[in-house]
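Okay, thanks everyone for coming.

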Amino acid sequence: MADPVALWEVFGVMLIASVLSFGGGSQVPFIQGQWVETGVLAPELFSFALGVTYLTPGPKAGFVAGIGYYLAGVPGAIVAAAGLVLPTCVGTAAASFATAKMRRLITLLRPSAAFIIGALIAAAAWGAAQPMDLGPAEMAASAGVAVLVGWRRVDPLWLVVGAVTLGAGWSLALALT
Amino acid sequence: MREHRVAARSVLLAFLIIGSTVFGGMWAATQKLEHELVDKRGWLSKEELQAQLLVSTLIPAPRFLSLGGLVGFQVGRWRGLVSAIVGLLLPTSSLVVLGVALLRPEFLDGPLAPMGTAVGVTVIGLLFGNAYQQLRSAPGKRGTRLVGYAFAALLFTAIVAGVPLLPAAIAAFVIGPAVVNPLENRLAGG
């Protein structure tokens, strides 16, 4: 595990980290600076919590619950999640009041929204692919998934279930050889 | 825009379903979000969802949770907002805590490594597929769409080249309507 940390500290650090994820930034560097670089939390535990999140559904920010668990058990996981929820509630409420004239905003954005969103998603895909250093077979597999989702509109959940099954089978094959 | 409020438990259920079944973050979830919120429940229009997706990038909080909060607030005010965020966060938080409590870090580079690679490859394909769907569904005349595709390519290139996401998104908010709207109005009127 890690050196025990007070619940208020877990909450405070996660709250600040959440605000710093403004505009697509990540909570990871700030949390690393607070606990990993100071020796409170072992780097492999931090990486493991982050890695497990990529195998779970939902927002990737959920990894903070794992960090909170390492630092202060189940109460730590709960307050870590609370540290995410509070600024999100405040920020979204403020944005909702500010964009109360949604119809005008929708009319303004409608002709260009799909192009902007498409570009942002493609950039996110590129960003996800970079650190993985994909080989030709993996690129082909990604392209195949893109075709199934983009053209055939296959439900992504089935593709992920298929990937997990394939990965499990691959692990088993490696273990047996 | 929707005038009637949605019950908090309905919002919670919808976002529990979304939070339990989408992998790869908000951008990978666009198809599911459209299916659950627009097609199945009619809580908002496709255009409203697109606007919320864009606004969520400007909020000082995790994007996916912000989107949930925006939609939750729109359909159910404060209770809807909290229900949506909790619904999104609960499945992943619970599974992550279970994972770190029951498994050891060596598993990630060992038995879980192939699974991680397979899921990662799938999420990348999923994202590109969603990007294509968004571009394909763009409204407008042919000329507008061609300009829109060029604009999207430019925005993509800028972000890949290293322009931070927030300034890129803000610039897109401003430049996009300034470029695309007048052209569409001209082509539609002409």
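Predicted model: local features only at pLDDT ≥ 70, side-chain atom pairs only at ≥ 80, totals over all residues.

Residues are numbered from 1 along each chain as its sequence is written, chains are lettered from A and ligands numbered from 1 in the order in which they are written, and side-chain values use heavy atoms, with hydrogens and water left out.

By cavity I mean a set of points, on a 1 Å grid over the protein atoms alone, where a 1.4 Å probe fits but cannot get out; a pocket is an open set with protein on both sides within 12 Å along at least five of seven lines, and lining residues have an atom within 4 Å of a point. Points are joined across faces, edges and corners, and a volume is the space filled by probe spheres set on them.

A search of the whole structure turns up one cavity of 30 Å³ or more. What lines the largest cavity? From chain A there are Asp155(A), Pro156(A), Leu157(A) and Val160(A), and from chain B there are Thr21(B), Val22(B), Phe23(B), Ala28(B), Ala29(B), Lys32(B) and Leu126(B). Helix α7 of chain A, residues 156-176, gives the largest share of that lining, three residues. Helices here are DSSP runs of H or I, at least four residues, and strands are runs of E, at least two, numbered from the N terminus. The cavity lining splits into eight nonpolar, one polar and two charged residues; Ala, Val, Leu, Ile, Met, Phe, Trp, Tyr, Cys and Pro count as nonpolar, Asp, Glu, Lys and Arg as charged, and the others, Gly among them, as polar.

Now the open space. The largest pocket has about 1400 Å³ in it. It is lined by 49 residues, and the closest to its centre are Tyr54(A), Lys60(A), Ala124(A), Ala128(A) and Gly24(B). Two or more lining residues come from each of α3 (43-54) and α5 (102-129) in chain A, and α4 (63-102), α6 (113-136) and α7 (142-161) in chain B. The largest share, eight residues, belongs to α6(B). By type, the pocket lining is 31 nonpolar, 16 polar and two charged.

On to the interface. 97 residues of chain B are in contact (heavy atoms within 4.5 Å) with 92 residues of chain A. The two chains bury about 8500 Å² between them, 80% of it on carbon and sulfur atoms. Buried area is the accessible area, with a 1.4 Å probe, that two parts lose on being put together, summed over both. On the chain B side, Phe23(B), Val100(B) and Ile124(B) lose the most area to chain A, together 7% of what that side buries.

Buried or exposed? Ser142(A) is buried, because its relative accessibility is 5% and the cut-off is under 20%, with exposed over 50% and partly exposed in between (1.4 Å probe, protein chains only). A polar atom of the Ser142(A) side chain sits 2.9 Å from the backbone oxygen of Val121(B). Leaving out residues up to four places away in sequence, Ser142(A) touches Leu134(A), Val121(B), Ile124(B) and Gly125(B).

A polar side-chain atom of Thr53(A) is 2.8 Å from the backbone oxygen of Ala49(A). Beyond its neighbours within four places, its contacts include Pro59(A), Lys60(A), Thr92(B) and Val96(B).

Over in chain B, helix α3, residues 46-56, is largely enclosed by the rest of the structure, because nine of its 11 residues are buried.

Last, the backbone. Most residues other than glycine have a negative phi. Asp133(A), though, has a positive phi of about 50°; Asp133(A) is in the loop between α5 and α6 of chain A and is exposed at 65%. Arg153(A) has a positive phi of about 55°, in the loop between α6 and α7 of chain A, and is partly exposed at 44%.

Terms used. Polar contact = N/O pair within 3.5 Å; in protein donor to acceptor, adjacent residues only side chain to side chain.
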